[in-house]
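Biologist: I'm new to this one. Could you pick a single part and take me through it closely?

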Amino acid sequence: QVQLVESGGGLVQPGGSLRLSCAAPRNIFSISAMGWYRQAPGKQRELVAFITSGYATTYAGSVKGRFTISRDNAKNTVALQMNSLLPGDTAVYYCNALKLSWGQWTQGDYWGQGTQVTVSS
């Protein structure tokens with residue numbers, strides 16, 4: 001079973017920073033846009049950001065200017081640098097290998113195990 005392996009996350013005060021990382025199998029990583037989704041308690045899972053193999057990026061409006069997604073095509077890893085964190089960023093964050101459907105990148109079938117990010121004083 002394909003598995004994406006996440007690391008990072010934890011507890012941070014408002015205004016602080018965290019970095020998440022995700023490693024994927026090469027055969028999946030090379031053909032996929034890689035992204036991060038998050039799910040807060042009682043809310044639906046939402047897209048945070050994704051990056052294509054050509055390094056084009058897309059961000060949710062709520063994180064634009066605060067979060068930066070990057071990928072290392074040599075190491076098959078994707079990272080999410082989160083700065084100026086807010087309590088509203090508290091959620092479980094999931095790495096995903098997106099798939100192309102009808103010309104649009106959409107969430108794919110391969111997910112990380114999820115990592116908790118808690119922003120609280």
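**From the sheet to an aromatic cluster**

Modeller: Let's start with strand 3 (residues 18-23) and strand 8 (residues 77-82), which pair in the antiparallel sense over 6 bridges. Strands here are DSSP runs of E, at least two residues long, numbered from the N terminus, and two of them pair if DSSP finds at least two bridges between them. Before we go on: this is a predicted model, so to speak of local features takes a pLDDT of at least 70, side-chain atom pairs count only at pLDDT 80 or more, and totals for chains, interfaces and linings use all residues. Residues are numbered from 1 along each chain as its sequence is written, and side-chain values use heavy atoms, leaving out hydrogens and water.

Look at Ser 21: its bridge partner in strand 8 is Ala 79. Both strands belong to an open sheet of 4 strands with antiparallel pairing, in the order 1-3-8-7. Strand 1 (5-7) and strand 7 (67-72) are the edges, each pairing on one side only.

The structure holds 2 aromatic pairs; rings of Phe, Tyr and Trp (its six-membered ring) pair if their centres lie within 6.5 Å, and planes under 30 degrees apart count as stacked, over 60 as edge-to-face and the rest as tilted. Tyr 37 and Trp 111 have ring centres 5.3 Å apart and planes at 65 degrees, so they sit edge-to-face. That pair links distant parts of the chain, with Tyr 37 in strand 4 (residues 33-39) and Trp 111 in strand 10 (residues 104-111), 74 residues apart.

Tyr 37, at 6%, is buried, while Trp 111, at 21%, counts as partly exposed.

Trp 111 also pairs with Tyr 94: their ring centres are 6.3 Å apart and their planes at 90 degrees, so this pair is edge-to-face too. Tyr 94 lies in strand 9 (residues 91-101) and Trp 111 in strand 10, so the pair ties together parts 17 residues apart in sequence. Tyr 94 is buried, with a relative accessible area of 16%. Tyr 37, Tyr 94 and Trp 111 form one aromatic cluster.

Finally, find Arg 45. It lies over the face of Tyr 94, 3.9 Å from the ring centre, and over the face of Trp 111, at 4.5 Å from that ring's centre. A charge sits over a ring if NZ of Lys or CZ of Arg is within 6 Å of the ring centre and within 35 degrees of the ring normal.

Note on methods: Buried means under 20% relative accessible area, exposed over 50%, partly exposed in between (1.4 Å probe, protein chains only).
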